[in-house]
Amino acid sequence: ISSKKAVYFLINRTMEIVFKKAESEDIAKLVEFMEEYYEYDHLVFDRRVAHKALGELLGDDLAGSAWLIQCDGKEVGYIVVSFVCSLEFHGRTAFIDEMYIREGYRKQGFGVKALVFVVEFCRSKIIDALRLEVERSNVRARSVYEKFGFTAHDRFIITRWINSKSV
């Protein structure tokens, strides 16, 4: 079931999952989830940088989209998809930049439903390739992604910060 702002799935007969397209009024909730996720994955978190990045993303549909994941009316996580153009991957490509499911809701199918949702979203945007990044040590997540059809590449993601204020 879908509407312009949300897509609904039934996980089982008792739980309804909703993907609510994030808007600027959702930034505070997204930042809260980001802080939890970054702590979980041992990443450096800066609230100011998170607000700025979310403002850029949510203010430009060509940059990507974010959704709050809700279960029975409660927000339980989020997923962010950004867009790039890649010659290797045939043009406009989507990248799952972040996906986080709150503890207590993991291992219940929310992550897989989020992947199904994002694949359908990409199909609707005529995007041929969907990519993501996962920690090498996160064997469980890698297994889920591989079962879902993602293929690992024997490459490193290497970053050079351009604006030192972003670090």
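## Ser 65 and its surroundings

In this predicted model, the side chains of Ser 65 and Lys 21 form a polar contact of 3.3 Å. A polar contact is a pair of N or O atoms within 3.5 Å; within protein, one must be able to donate a hydrogen and the other to accept it, and residues adjacent in sequence count only if both atoms are side-chain atoms. Ser 65 belongs to strand E3, residues 64-71; strands are DSSP runs of E of at least two residues, helices are runs of H or I of at least four, and both are numbered from the N terminus.

Ser 65 counts as buried because its relative accessibility is 5% (buried means under 20% relative accessible area, exposed over 50%, partly exposed in between, with a 1.4 Å probe and protein chains only). Beyond its neighbours within four places in sequence, Ser 65 is in contact with Lys 21, Leu 57, Ile 79, Val 80, Val 81 and Phe 121, where contact means heavy atoms within 4.5 Å.

## Arg 106 in its loop

Arg 106 lies in the loop that links strand E5 (91-101) to helix H3 (110-124). With a relative accessible area of 22%, Arg 106 is partly exposed. Its side chain is joined to that of Tyr 100 by a polar contact of 3.5 Å.

When residues up to four places away in sequence are not counted, Arg 106 touches Tyr 40, Tyr 100, Ile 101 and Arg 140. Gly 77 is 29 residues from Arg 106 in sequence, and their C-alpha atoms are 9.8 Å apart.

## Packing of H1 and H2

The axes of helix H1 (residues 27-40) and helix H2 (residues 47-58) come within 10 Å and cross at roughly 125 degrees. Axes are lines fitted to C-alpha atoms, for helices over the stretch in contact, and angles run from 0 to 180 degrees between N-to-C directions. H1 and H2 are therefore oblique to each other (under 35 degrees counts as roughly parallel, over 145 as roughly antiparallel, 65 to 115 as roughly perpendicular and the rest as oblique).

Ile 27, Leu 30, Val 31, Met 34 and Glu 35 of H1 meet residues of H2, among them Ala 50, His 51 and Leu 54.

## The chain and model confidence

The chain contains four helices and six strands, and 38% of its 167 residues count as buried. Mean pLDDT, the predictor's confidence in each residue from 0 to 100, is 89 for the chain. Confidence is lowest in strand E1 (residues 6-10), with a mean of 57, and highest in H1, at 97.

Residues are numbered from 1 along each chain as its sequence is written, and side-chain values use heavy atoms, with hydrogens and water left out. As this is a predicted model, local features need pLDDT of at least 70 and side-chain atom pairs count only at pLDDT 80 or more, whereas totals for chains, interfaces and linings use all residues.
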